[in-house]
Protein chains: 2
Amino acid sequence: MPDLASTMDQLKASNQNSDIDAVVSKLRERFQDRFSTSMALREQHGHTTTWLKNQPPDGVVFAESTEDVAEVVRLCAEHKVPVIAFGTGSSLEGHLNAPLGGISIDLSRMNRVLEVNAEDLDCRVEAGVTRKDLNSYIRDTGLFFPIDPGANASIGGMAATRASGTNAVRYGTMKDVVLGLTVVTPQGKVVRTGGRAKKSSAGYDLTRLYIGSEGTLGIITELTLRLSGQPEAISGGVCPFPDVQSACNAVIATIQMGIPVARIELLDEMQVRACNAYSKMDLAETPTLFLEFHGSEAGVREQSETFSAIAEDLGGGPFKWATAAEERTRLWSARHDAYWAGKGLKPDADIMVTDVCVPISRLAECVTSTAEDIRENGFLAPIVGHVGDGNFHVQILVDLSNEEEVRKTEAFVERLAIRAIEVGGTCTGEHGVGQGKAKYLRREHGDALDVMQAVKQAMDPDNIMNPGKILPQS
Amino acid sequence: MPDLASTMDQLKASNQNSDIDAVVSKLRERFQDRFSTSMALREQHGHTTTWLKNQPPDGVVFAESTEDVAEVVRLCAEHKVPVIAFGTGSSLEGHLNAPLGGISIDLSRMNRVLEVNAEDLDCRVEAGVTRKDLNSYIRDTGLFFPIDPGANASIGGMAATRASGTNAVRYGTMKDVVLGLTVVTPQGKVVRTGGRAKKSSAGYDLTRLYIGSEGTLGIITELTLRLSGQPEAISGGVCPFPDVQSACNAVIATIQMGIPVARIELLDEMQVRACNAYSKMDLAETPTLFLEFHGSEAGVREQSETFSAIAEDLGGGPFKWATAAEERTRLWSARHDAYWAGKGLKPDADIMVTDVCVPISRLAECVTSTAEDIRENGFLAPIVGHVGDGNFHVQILVDLSNEEEVRKTEAFVERLAIRAIEVGGTCTGEHGVGQGKAKYLRREHGDALDVMQAVKQAMDPDNIMNPGKILPQS
């Protein structure tokens with residue numbers, strides 16, 4: 001494998017034709033106060049929540065329409081200058097860094113909900129609309145948009161990274177809820193993929209090719225989304241288990257019995273301790289599942305009862321069932337604050353978050369080995385997971401200014417990625433590749449990586465779209 | 001738009017380097033009695049259930065392993081000879097025709113279920129396994145494979161055409177249930193996409209790029225599939241409506257209320273009449289919904305009752321609820337025999353089947369206009385649809401030896417495709433493009449078709465993989 005430095009040198013060499021100064025001056029003239037080269041703004045548009053070193057772009061344009069985006073891309077294409085799309089800056093793997101410089105296109109002002117078709121359970125939004133804003137907008141329709149990554153991310157960014165979250169076990173991930181896209185190609189053309197039909201077999205699935213492509217094949221500017229009906233009833237609760245294995249077995253049994261669980265989340269012992277402290281909970285400090293059921297009144301009662309019997313059978317429980325809305329809200333606020341709770345374990349620490357996803361039959365062994373690895377290395381690193389999908393996260397509290405700690409953390413992340421791949425899983429379930437996970441793709445995909453490379457080369461021959469991400473040699 | 005003849009001439013010219021004789025002689029030597037050039041077999045491997053003119057390949061190889069497939073593709077690639085994958089021959093749009101000649105690779109002997117992981121609700125199969133064989137194989141595990149196109153198709157062929165069927169409204173289409181693929185590339189390399197994790201954001205979604213690519217980007221030889229738990233209880237029934245509009249409104253209300261209906265099928269008046277005659281039913285001859293609910297005993301009862309109330313509210317009903325297994329089987333046999341029932345309306349006729357898919361809010365108007373079009377043209381053409389997805393089929397009884405009838409039928413199919421595209425739908429919901437629908441893709445996809453073309457060009461630069469399908473200029 002070539003080392004990072006030489007890859008970057010190669011990349012820079014291949015971009016030597018770029019003429020960033022010309023682009024900057026044309027953008028300033030064209031976009032006036034919607035274009036900036038201030039260092040603070042450029043840095044903010046570089047890494048944001050990632051732990052990787054900041055590599056700021058050369059300038060930031062605030063786009064207000066698909067045509068704005070197309071115009072910027074055309075200009076950059078002409079000068080072979082990199083373009084990087086920016087939503088809310090909540091990605092975690094260096095997706096927004098500009099290792100070769102270039103222009104960041106900020107889509108946050110493209111925040112209009114363009115149409116809502118309640119009868120068809122779909123809507124069309126601009127890429128900068130955030131998931132929370134969309135849900136506020138459609139609240140009165142009886143519908144909701146179920147995909148909920150930790151951050152209040154933009155819908156465009158969520159599509160670009162193939163995001164998911166706690167509801168994915170029931171409602172799927174971004175790949176399942178996007179019906180169609182408007183995309184600006186690397187040549188600055190505007191294309192539309194998919195449509196409003198619920199299914200189609202009319203040609204290549206470009207929609208899903210762009211989803212998860214992290215802005216390396218084009219920039220998503222609009223999305224047609226499938227919405228879900230707000231459930232008539234919701235119930236939820238927490239259930240402690242003696243160990244990770246029995247909690248995972250309860251998950252497997254729940255899925256196998258076809259209980260349409262809406263959320264099923266594992267918090268390890270350290271995460272429960274952190275949540276107790278941060279969110280003033282009094283949970284038993286043992287591996288715990290947080291659950292939520294959606295359905296009719298009778299349906300959610302039945303689901304809760306069936307789950308309760310499963311848990312008891314496996315030595316877990318009691319399942320504490322929270323029906324009251326405020327009790328449920330308190331519970332899920334604690335779950336959603338897991339990140340801050342984790343940080344609370346060592347407030348002055350930096351945070352490095354990583355995720356993997358494995359077949360659920362291998363989940364217990366994978367979480368258990370990871371917890372052992374954490375103990376052996378003396379990390380403060382709670383584990384929390386969307387375990388219905390076999391997906392879990394480790395949040396490592398680290399001092400990023402301490403090289404030795406960073407090196408140890410990177411080695412841990414590498415062991416975790418390899419552990420997941422070796423049991424038939426993936427090095428990232430929902431965070432994406434960015435810069436951080438690119439080095440594991442050959443191991444995960446083998447020669448299929450060459451096919452990805454061929455697709456990239458065909459669609460973006462000058463490698464201007466978010467270069468240095470996903471593909472090790474892009 | 002260039003006409004078909006000139007496109008074909010161009011294609012033939014671009015393949016003038018092909019050396020089919022050399023390939024045939026090498027295949028005969030290598031595969032012996034697993035290779036044939038008999039005209040009967042070649043014709044059978046050409047069009048099968050399609051209405052399009054037969055264009056047989058030059059020879060047929062019976063592959064028994066991925067390595068066999070790779071070997072044939074490498075040989076064909078060396079000589080720039082087309083290769084066409086064959087499963088069971090149940091495709092409908094000329095997918096298997098060989099307009100430029102070439103070698104058909106028959107995968108029907110690759111019919112082993114390679115592994116079943118009940119804990120993970122997944123399995124791995126060779127591409128030639130049929131959906132019914134898979135379901136027989138896994139029956140005792142408590143799991144089932146839900147995708148059910150009309151024919152007992154091969155799983156590989158179903159992935160290649162992005163097939164679905166009656167269960168798609170609840171369980172999704174092939175794009176939703178395939179976790180990973182083994183694919184032979186146009187260069188004869190074997191690559192693996194996806195994995196066994198339920199979700200991943202590790203790079204481009206090649207799995208879904210190959211699904212629906214109809215053998216034009218590579219040949220699928222193995223698939224990892226997500227299975228579903230067999231429902232604890234099933235109930236179903238039929239519900240008549242005064243007109244298509246009220247039936248469609250009942251579908252919309254059912255979906256909007258979040259009733260997790262497993263099947264919801266519309267039969268128009270002519271189709272009901274055909275089923276009554278063919279399957280000895282006594283249904284009222286009016287637009288009718290066939291429904292099935294999956295869940296717990298209490299759940300399916302609740303779903304049935306809620307649907308019943310919806311139907312009554314919209315002037316439909318009574319909903320006749322079939323709980324007994326034999327009654328349900330009789331009902332769904334009648335539904336599955338709709339094709340034969342339709343043919344029964346005029347036993348000496350040929351059949352031409354087409355499908356489109358539209359947003360469900362536009363379904364009633366689209367079905368109604370289509371029924372009018374049928375009446376105006378004096379066609380015998382029942383309509384049946386997977387209406388929960390907005391997908392419907394028209395089965396036209398036609399005399400294919402009568403040029404005037406064929407011309408009229410083609411004009412009808414074109415009007416239908418355009419009608420669907422114009423309301424935001426697609427020219428094919430589940431049958432695929434093949435040769436028959438290629439001419440509508442520019443209208444449906446606009447400039448996105450150029451992106452598809454670029455992907456095809458990058459992955460298969462010599463255009464040897466199922467040429468003349470999907471892309472008008474391939």
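In β4(A), A:F62 has A:D106 as its bridge partner. Before going on: this is a predicted model, where local features need pLDDT of at least 70, side-chain atom pairs count only at pLDDT 80 or more, and totals for chains, interfaces and linings use all residues. Residues are numbered from 1 along each chain as its sequence is written, while chains are lettered from A and ligands numbered from 1 in the order in which they are written.

Back to the bridge. Strand β2 (residues 59-62) of chain A and strand β4 (residues 103-106) of chain A run parallel and are joined by four bridges. Strands here are DSSP runs of E, at least two residues, and helices are runs of H or I, at least four residues, numbered from the N terminus. Two strands pair if DSSP finds at least two bridges between them.

The open sheet has four strands in the order β1-β2-β4-β3 (chain A), and the pairing is mixed. Which strands stand at the edges? They are β1 (35-36) and β3 of chain A; each has a single partner strand, so one side of each is left without a neighbour in the sheet.

Two helices lie across these strands. Helix α2 (residues 20-31) of chain A lies across β1, β2 and β4 of chain A, at about 30° to β2(A). α4(A) lies across β2, β3 and β4 of chain A, at about 170° to β4(A). Axes are lines fitted to C-alpha atoms, for helices over the stretch in contact, and angles run from 0 to 180 degrees between N-to-C directions.

Next, the domains. Chain A is assigned domain 1 (18-109), domain 2 (113-229), domain 3 (233-339) and domain 4 (341-433), with bounds from an automatic or database assignment. The contact between domain 1 and domain 2 of chain A takes 17 residues from domain 1 and 22 residues from domain 2; contact means C-beta atoms, placed from the backbone, within 7 Å. On the domain 1 side, α4 (66-79) and β3 (83-86) of chain A each give two or more residues. The largest share, six residues, comes from α4(A).

Last, the cysteine. A:C357 is found in strand β16 (residues 350-357) of chain A. Is A:C357 buried or exposed? A:C357 is buried, with 30 other C-beta atoms within 10 Å; the cut-offs are 20 or more for buried, 12 or fewer for exposed, and partly exposed in between. A:C357 touches residues of chain B, including B:A197 and B:K198.

Methods: Lists of a residue's contacts leave out its neighbours within four places in sequence.
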